[in-house]
Amino acid sequence: MEVTARAPGKIILAGEHAVVHGSTAVATSIDLYTYVSLSFPADSDNDDKLKLHMKDIDLEFSWPIGRVKEALSKLGSQIPSSPASCSPEAIKSIAPLVDKQIPEAKITLASGVSAFLWLYTSIRGYKSGKVVITSEFPLGSGLGSSAALCVSLSAALLALSDSVNLDYCHQGWLMFGENELELVNKWAFEGEKIIHGKPSGLDNTVSTYGNMIKFRSGELTRLKSNRPLRMLITNTKVGRNTKALVASVSERTVRHPIAMGAVFKAVDSISNEVATIIQSTSHDDSTVSEKEDKLGELMEMNQGLLQCMGVSHASIETVLRTTLKYKLATKLTGAGGGGCVLTLIPTFQSETVVDEVTAELEACGFQCLIAGIGGKGLQVSFNSSS
Ligand SMILES: Nc1ncnc2c1ncn2[C@@H]1O[C@H](COP(=O)(O)OP(=O)(O)O)[C@@H](O)[C@H]1O
Ligand SMILES: C[C@@](O)(CCOP(=O)(O)O)CC(=O)O
Ligand SMILES: [Mg+2]
C-alpha cells in the first residue's frame, strides 16, 4: 500500500513577518503542490531501512532503522496524537544522521531533512519505509515549500492509521476530516519550527486548509473572496533563507521595540483592511476597480513597511520599479530577501500590458508565473497495487 499526500504552496497578500509578532496576515493557497509518497516494505522484503528521496534537490538518503533508533530512542517515544516539539537535544541527535549523508554544497537544505526525521520517527516510530518528495513550485522562494513539505509529510504519515476519517473529493483524492486536519496542522507546525526557527503558523495553516485565510496568533478565519484575484508571481531567483530573515526582523525589534511595534500595528491594520475588501460583496464594474485600486495601494503600503523591517532586496526593488512603469502595484511575498514578488493584475487590465511587463521582468532574468489562487488544501490518495 502506498499513500500520497499533496499540500499546496501559498502567497501572502499582507502581513508576513509582522504575523510572527502577533499582527494579522492574509494568505491564500495556490494550485501548485508538494507531493509526499510513503510506502512500507512487505514483511518478506527484509528491508530494515528508512529511505528518503528528495527529488527536487536530487538527494537520496538511506538509514538503517537500527541506527535511527539508536540515535533517537533515548529521547523517549512520541505519541502520534499529541504533537511535540523537537527539543535542542533531539536536534543534536538528528544532526549526525543528516550531516553524514548531505554534501557540503547542499548543507543549507539540511533543516528539511531534520524535520523529515523528526516527523517520521515521532508519528511512525522506528518502522522501515520509503518516502519520495517532489514539489511543483520553487523551494526557498517565499511560496511556502517548507510548510507544504511538513503538511504533506505529516498527512502521509498519519493517513494509514485506522481511525482516520476521510471524505471523497475528486479524481481519487480524499480529504481529511476536521480533527485529522487539526492534527496534521499541529505536526506540520512542529516541523516548520525546525525549518523556520520561529514560525507564525500561517504557512502550515493555509497549506492544510487551503483557500484564503486571515490569521492572527494561531487563530484562522476563512475568507470568502467574491471575485477571483489575479496575481503575477515573479521569482527573482535570489536564494534566501526564511529562518535567517525571521531572526533578523526579531533582532531589529529588540533594538527598536517602539518603532517596530508601530510598524507591526500598521501592518495589522493593512491586513484587516485587505480582508474586508476581499470579502465585500458589491459586484458592479466601478466598485471592482475601486476595490482593486485600494488593494494595490495597501500592497504598496505593506511593501514600504517590509522595507522598514529590512527584508526587501535589490532584486525586489527592480521588480517594483519595473511594474510601477505600468502602474501596477507590487509587494514581496513570504520572507523576502529575494524570492518571490506579487503584482496585482486588475480585472480590466489589458493583456498586452501583462505580456509587456512579463517580458520586461523576464529580460531581467526573473521568472514569471500566474498561479490559480484559493484552491483546495491538503489531500491524500491511496494506491493499493504498490
Ligand atoms: N520539496 C522539498 N524537498 C526537500 N526539501 C524541501 C522541500 N520543500 C521544502 N524543503 C525544505 O524547506 C527549505 C525552504 O524553506 P524556507 O526557507 O522556509 O522557504 P519557503 O518555505 O518559502 O520555500 C529548504 O531549504 C528545504 O530544507
Ligand atoms: C516571514 C513569514 O511570515 C513567512 C515565511 O514564508 P516563506 O517561508 O518565505 O514561504 C514567517 C512565518 O510566518 O512563519
Ligand atoms: Mg517556509
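This is a predicted model: local features need pLDDT of at least 70, side-chain atom pairs count only at pLDDT 80 or more; totals for chains, interfaces and linings use all residues.

Analyst: Four elements each supply at least two residues of the shell around ligand 1: helix H3 (110-124), strand S5 (129-135), helix H4 (145-159) and helix H5. H4 has the largest share, with 3 residues.

The shell around ligand 1 counts 24 residues. Those that come nearest are Gly112, Ser135, Ser145, Ser146 and Thr242. By class, the shell has 15 polar residues, 8 nonpolar and 1 charged.

Now the domains themselves. The chain is divided into domain 1, made of 2-221 plus 374-383, and domain 2, which covers 225-369. Their C-alpha centres lie 27 Å apart. Domain 1 puts 29 residues into the contact, and domain 2 puts in 35. On the side of domain 1 that touches domain 2, the elements giving two or more residues are strand S1 (2-14), strand S2 (25-39), helix H5 (178-196) and strand S8 (212-216). S1 gives the most there, with 4 residues. That side has 12 nonpolar, 14 polar and 3 charged residues.

Next, the domain 2 stretch. An unreviewed UniProt entry annotates residues 293-361 as "domain: GHMP kinase C-terminal". Over those residues the chain is 57% helix and 12% strand. The end C-alpha atoms of that stretch are 22 Å apart. Helix H11 covers residues 351-363. H11 has 13 residues and reaches 18 Å from its first C-alpha to its last. That is close to the 18 Å expected at 1.5 Å a residue. Just after H11, Gly365 takes a positive phi of about 95°.

Last, the whole chain as the setting. The protein chain has 11 helices and 14 strands. Its radius of gyration is 21 Å, close to the 21 Å that the globule rule gives for 386 residues, so the chain is as compact as a globular protein of that length. Along its principal axes, the C-alpha trace spans about 65 × 50 × 40 Å.

Terms used:
Residues are numbered from 1 along each chain as its sequence is written. Chains are lettered from A and ligands numbered from 1 in the order in which they are written. UniProt positions are given in the numbering used here, feature names are shortened, and annotations may be inferred rather than shown by experiment. Domain bounds come from an automatic or database domain assignment. Two residues are in contact if their C-beta atoms, placed from the backbone, lie within 7 Å. Ala, Val, Leu, Ile, Met, Phe, Trp, Tyr, Cys and Pro count as nonpolar, Asp, Glu, Lys and Arg as charged, and the others, Gly among them, as polar. A residue is near a molecule or strand if its C-beta atom, placed from the backbone, lies within 6 Å of it. The expected span of a helix is 1.5 Å times one less than its number of residues. The radius of gyration is taken over C-alpha atoms; the globule rule is 2.2 Å times the number of residues to the power 0.38.
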